[in-house]
Amino acid sequence: MDQQILLEKIAFNVMQGRLEAEDEGFDEGLEGKPAVTELVKEAIRDGVDPKSIVLEALTGSMEVVGEKFESGEYLIPDMLASAECVGVAMDLLSPYLLKAGVETKGKFIISTVKGDLHDIGKNIVSIMLKGAGYEVIDLGADVPTDRIVGAVKEHQAPYLGLSALLTTTMRVMGDVIEKLKEEGVRESVKVLIGGAPTSKEFADQIGADAHCKDAFEATNILKTMAH
Amino acid sequence: MDNGQPTNNGRTEGPVFGPYRQGVLVKPYERLNRDHVKWLDDASLSILNDPGIWCYNERAANLFKAHGAEVREEQEASGSFFWRVSLPQGLVRDAVSKAPSRIILGARKPENRLLLDAEVPRVYFGTGSEANVWLDVRMEEFVSVDDSQVKVKVPRFRELRGDTTLLSRAARLCEQLEHLDFFIRPLNIQDPDVTPDNHDVNKFFASLNNITKHVQAGLTRLESLKDVIKMAEIIAGGREELRKNPVISFIACVFKSPLQIVDETAEKVFAIVESGLPLVISSSPQGGSSAPIQEAGMVAQINAEILAGITLVQLIKQGAPVLYGSVPVRVRLDNLFDLYGCPEFNQYNIDCVQMARFYKIPCYSSAGVGDAKVPGMQAVFEKLFTHLHMAMSGAQYIHYAFGLLDRTNSFCPVQAVLDNEQIGKIKHCLREPKIDPSITADMINIVKKVMASPHRLFARHARKAMHAGDISSPYRFEAKDLEDKALENAMGYMNQKEKEPAQHLDQTTVDRIFNEIPGILPGLRQVAE
């Protein structure tokens, strides 16, 4: 297949949120046709430059998806489906990008804090950020403070996302920040917090860098931080 | 069949009818068991035999007599005469069994037709009553006495006298409400130029020229029937076409409760039935004043009245399309007004739906009316309480459902918009479950897939259901902050809907109607663009 057509097809399928051939898209009648996984593999096989796959097929299409969400045409499942497509494409491309010396937008460590098993919101943020081009290191739920801080140090991550759903566990976020200070890494990492009971005021109170009300705000805040 | 209706009085499957509104097919909630139904049926037939009915119409009395009823003339204390009719059980049973169980109510747009089948609990919702008042709402801003920076918007209400312009506006709005299936004129027209002589042609024309759904009304004057039918024939495309696609139908409250056949209404019943158009035999006794307040007594009596009415219809013309019209209400014990939106209202009405189903006659029922005078918490409670229960009962044709306030005295357009949202949610809630082996197999696959994925999140797999329309939307008029903006948001939505182009009849049809039918107000002459 012509490389340009292949890139356009990948972009189209990202916008349709079709990960595999068996998936349906946003529009009807697409089931059974090659989707992002099959097309990206084909592109790699055909020797298409991985950087142009990222720039021409993945990044732009996710921006269109974001616009469609903003306008109300897409709902969260549509957005997540597209983000998941980009995430999987990035996994497939990652060894080739590494070889070509292409970097991600940065490492983002994400975790639900100790005592809290709720991970839906954290997972959504994780999928969205991966789709937005970050290298997401997801530590899971109910993660001890020491392990979170250890991961920040080990990966030298510039970003840390903390999540909690319970009013009884949200204070653990403050403990994590205190621990980062103790370990001398607070200045090297931006801490973003989120979760139903949290607020901007709470973020200020515990000394976090930002409060994100949802995954979309998280991507926007990260864009601002990068600048 | 001469009335153009499906030949199903033999309870056979009818032909394919073409497009019709889907309504919502429910699994009926039944309050009565078989014994209850039998006891009520027995009680109704017993009442019809003794004390029988007080018939003030000679033709009806003679017709009953000719078919075996015992009829004797009696005199009231006031001196007026009436016929006391004792209906034998066999006569009633035989006549009722001749009534069609399946009726089509036509519409200007074929896809807006309604298929009423007594044996299929497909539920439709529409407007009702003939309120004198149009309740106008506007939001006014008020400033806090403590802090001038704090402002709130509060609804202010104004009562307008119903007229043809407002009835036209109501029909236009109702055309746009997607969950509204039929239109019964919700507003009485009281223009200075509307007289008893031209009341019917104006109310039917104001309705029919602004909505493409089924239009139904009572007849103010018998003499107008000819002109109303002619108007409907012009719209439907001819005499036969109207019988096949009855774009209009009628309501007749032939019984004045308790158990009295009204002379003038009986004459209308004769004429409407002879015309071949569908008719609702409606009865609305008030439990505690014109019927017993006890459930058993109320239902036995209203059922007797409706059965006698249906018997009359079938004796006039066997197989005539007729709806079992039950509007039982309860009295308020503090002022003897009707009390809607109360548990007894639901009990009476659900029972009647079951009785209609027992006789295999489509049921015209009632919901969405209450005592609240303005939109708000009380209105929502009363409406939801009855909307949901009556939909669950599987009544085929639920009137009063949109915009009514202050019992049946006001029609409020923004309330109709709020009701539309509520009814949409109810229709969604009562949809048939989508569960079968192939669907459960799909679900197992999804669970397996998600459990094998890193985040174990089902959100992506919601898309298919979303796109199939299986997932409902949030409440349309919700507010984002710590406030209730339902009314304000509904008004915004109504304003948008009212800007949609009107679905007027075409120029030729309107010209013909104005040329051939006298009495229509010139202001109603509006044509499709």
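Reply: Ser61(A) is in contact with Ala11(A), Val14(A) and Met15(A), leaving aside its neighbours within four places in sequence; two residues are in contact if their C-beta atoms, placed from the backbone, lie within 7 Å. This is a predicted model, in which local features need pLDDT of at least 70, side-chain atom pairs count only at pLDDT 80 or more, and totals for chains, interfaces and linings use all residues. Residues are numbered from 1 along each chain as its sequence is written, while chains are lettered from A and ligands numbered from 1 in the order in which they are written.

Ser61(A) sits in helix α3 of chain A. Helices (H or I, at least four residues) and strands (E, at least two) are DSSP runs, numbered from the N terminus. Ser61(A) counts as buried because it has 23 C-beta neighbours inside 10 Å. A residue is buried if 20 or more other C-beta atoms lie within 10 Å of its own, exposed if 12 or fewer, and partly exposed in between, with C-beta atoms placed from the backbone. Between Ser61(A) and Gly47(A) there are 21 Å in space, C-alpha to C-alpha, and the two are 14 residues apart in sequence.

Chain A is divided into domain 1 (3–99) and domain 2 (107–226), with bounds that come from an automatic or database domain assignment. Taken over C-alpha atoms, the centres of domain 1 and domain 2 of chain A are separated by 27 Å. Where the domains of chain A meet, nine residues of domain 1 are in contact with seven residues of domain 2. On the domain 1 side, the elements that give two or more residues are α3 (50–70) and α4 (76–99) of chain A. Of these, α4(A) gives the most, with seven residues. That side of domain 1 of chain A divides into five nonpolar, three polar and one charged residue. Here Ala, Val, Leu, Ile, Met, Phe, Trp, Tyr, Cys and Pro count as nonpolar, Asp, Glu, Lys and Arg as charged, and the others, Gly among them, as polar.

Chain A also touches chain B. The contact takes 14 residues from chain A and eight residues from chain B. The chain B side has four nonpolar, one polar and three charged residues.

Chain B itself has 16 helices and 23 strands. Its radius of gyration is 24 Å, close to the 24 Å that the globule rule gives for 529 residues, so chain B is as compact as a globular protein of that length. The radius is taken over C-alpha atoms, and the rule is 2.2 Å times the number of residues to the power 0.38. Of the 529 residues of chain B, 50% count as buried.

Some loops of chain B have backbone details to look at. A cis peptide bond joins Asp50(B) and Pro51(B), with omega about 20°; Pro51(B) lies in the loop between α1 (34–49) and β2 (53–55) of chain B. Arg407(B) is not a glycine, although it has a positive phi of about 60°. Arg407(B) is in the loop between β22 (404–405) and β23 (410–411) of chain B, and it is buried, with 21 other C-beta atoms within 10 Å. Arg456(B) also has a positive phi, near 50°, but Arg456(B) is exposed, with 12 other C-beta atoms within 10 Å.
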